[in-house]
Each structure stands twice: as C-alpha cells, then as structure tokens.
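Q: I have just opened this one and have not looked at it before. Can we go through it bit by bit?

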Amino acid sequence: VCIKGHALDAPLLCIDGRWTSASCAPQPCGEPPDVKYSRGLHTCANQDHGSSCPLLCISGYSPAGLSELVPGAYGDPEALSAEQARRSLRCVAGEWLNPGCHEAPCDSPPPSVANANASSFAACAGTQSREVCRIRCDPGFYPTGYPECVKGAWKSMHVARCEEAPCTDVPEIGR
C-alpha cells in the first residue's frame, strides 16, 4: 500500500462498510550503516525520519573528503547548517544517507621551502589528498619536487626544493 521506506500510521479497518483513515508515514532508521574509516556511530541508532547524526572519521579521513568545519567561515547560521548536513548521516524514509569517510585534504599550507615564493604556499591550503602543492620558486631558482598532501598531512617535504638555476648560455663579453 505504501512506497518503500513508508508505513501506515494506523491500521486500515473496514467498519460499517467504510475504511478508517490512515496515511503513509516515513519510517525511522535503525542501526547506522557500517562506514569504512568511521568511529562512534553507535550513537546514531534508532533515529526518526529527517534526523541527522554527525559522521566522525578516524584521523586522516573526513566526511565526504571535505575540509575541516570552521564555524566562523560560513557567514550565516543557515550556511553553517548546510555544511554540517553535508558531513552527517541523514535518516530519510528508513534509510541512512551517508557521505562516507574519505581521505582528508590538507587544510593548511605546507611548511616553507627555502627560495620559494611565500604566496604560492597560501594557495595550497585545501589541497586534496594525493595531490601536490605546485610551489613557485624565486627568480633564479626552479622546483625539483613538490610537497604532497596525503590524508590531511604534508608529505614528501624532503623532495620539495627550489634549486639554483644553472646558467645555460655563454655570456657575451665585450673586447
């Protein structure tokens, strides 16, 4: 009688040739799903339709692979609520909708590198996991490697360097 995830809110009975009234209501959610790289979801059990439950991920992972939630960064409460919803499990008609725990981005720029342009580091905040920060070197230097973001932490710093550029042409010397 009802669509999936909904159930009658009262029994349908035929009394004196007429059906009693009932409607299809969304079902609550039972146990939360088993979310890889998550923790503490037992508190989400048995929630009503429309409820949400924060998705907590283990270190190196974040809900939906999103940057860390910074409350003051969203301007108004509605925008903050929308961001919190993107990071939560949601109960919809008896099923948990789940953004999943994915490798976390690097929320801050990598440590500085000698002879590198400082402004190029700021642009690397928010780099996704498994991507590199394309640092720019000061004039007269060239990059020999780049820092890589892996699960929210900067790696490969030992290869991130700005080396002095060699002279490639012979100078003209006046006589």
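Q: Let's start at Val1. Does it count as buried or exposed, and at what relative accessibility?
A: Val1 counts as exposed, because its relative accessibility is 90%. Keep in mind that this is a predicted model.

Q: Where is Val1 found relative to β1?
A: Val1 is in the segment before β1.

Q: Which residues make the nonpolar surface patch with Val1?
A: Leu8, Leu12 and Trp19 make the patch together with Val1. The area of this patch is about 480 Å².

Q: Stepping back, what does the secondary structure of the chain come to?
A: The protein chain has two helices and 15 strands.

Q: And what does the C-alpha trace span along its principal axes?
A: About 120 × 30 × 30 Å. The radius of gyration is 27 Å, whereas a compact globule of 175 residues would have one near 16 Å.

Q: How much of the chain counts as buried?
A: Of the 175 residues, 27% count as buried. The chain exposes about 11,400 Å², and carbon and sulfur atoms supply 52% of that area.

Q: What share of the contacts comes from residues 24 or more positions apart?
A: Those account for 42%, taken over contacts with a separation of 6 or more.

Q: Now the cysteines. How many disulfides does the structure hold?
A: Seven. In general, a disulfide is a covalent bond between the sulfur atoms of two cysteines.

Q: Which cysteine is joined to Cys2?
A: Cys24 is joined to Cys2, with an S to S distance of 2.0 Å. Cys2 lies in the segment before β1 and Cys24 in strand β4, so the pair ties together parts that are 22 residues apart in sequence.

Q: Is that disulfide left-handed or right-handed, and why?
A: The disulfide of Cys2 and Cys24 is left-handed, because the torsion about its S-S bond is about -85°.

Q: How do Cys2 and Cys24 count for accessibility?
A: Cys2 counts as partly exposed at 23% relative accessibility. Cys24 is partly exposed too, with a relative accessible area of 36%.

Q: What about Cys44 and Cys53, how far apart are their sulfur atoms?
A: The sulfur atoms of Cys44 and Cys53 are 1.8 Å apart, and the two residues form a disulfide. With -70° about the S-S bond, this link is left-handed. Cys44 and Cys53 are both buried.

Q: Which cysteine does Cys106 pair with?
A: Cys106 is joined to Cys149 by a disulfide, S to S 2.3 Å. The torsion about the S-S bond of Cys106 and Cys149 is about 100°, so this disulfide is right-handed. Cys106 lies in the loop between β11 and α2 and Cys149 in strand β13, so the pair ties together parts that are 43 residues apart in sequence. Both Cys106 and Cys149 are buried.

Q: Different topic. Where does Pro105 lie?
A: Pro105 lies in the loop between β11 and α2. At 3% relative accessibility, Pro105 counts as buried.

Q: What is Pro105 in contact with, leaving aside its neighbours within four places in sequence?
A: Its contacts include Ser62, Leu66, Gln128 and Cys149. The C-alpha atoms of Pro105 and Val159 are separated by 20 Å, and these residues are 54 apart along the chain.

Q: Last one: what is the phi of Ala64?
A: Ala64 has a positive phi of about 60°, although it is not a glycine. Most residues other than glycine have a negative phi. Ala64 is in the loop between β8 and α1, and at 32% relative accessibility Ala64 counts as partly exposed.

Q: And Lys151, what is its phi near?
A: Phi of Lys151 is near 50°, again a positive value in a residue other than glycine. Lys151 is found in the loop between β13 and β14. Lys151 counts as partly exposed, at 33% relative accessibility.

Technical notes. Residues numbered from 1 in each chain as written. Predicted model: local features only at pLDDT ≥ 70, side-chain atom pairs only at ≥ 80, totals over all residues. Heavy atoms only, no water. Disulfide = S-S within 2.5 Å. Helix = DSSP H or I, 4+ residues; strand = E, 2+ residues; numbered from the N terminus. Buried < 20%, exposed > 50% of the residue type's maximum accessible area, 1.4 Å probe, protein only. Patch = residues over 30% accessible without salt bridge, like charges linked within 9 Å, V, L, I, M, F, W, Y side chains within 5 Å. Areas by Shrake-Rupley, 256 points an atom, 1.4 Å probe, with all protein chains shown as cover. Salt bridge = Lys/Arg side-chain N within 4 Å of Asp/Glu carboxyl O. Rg over C-alpha atoms; globule rule 2.2 N^0.38 Å. Contact = heavy atoms within 4.5 Å.
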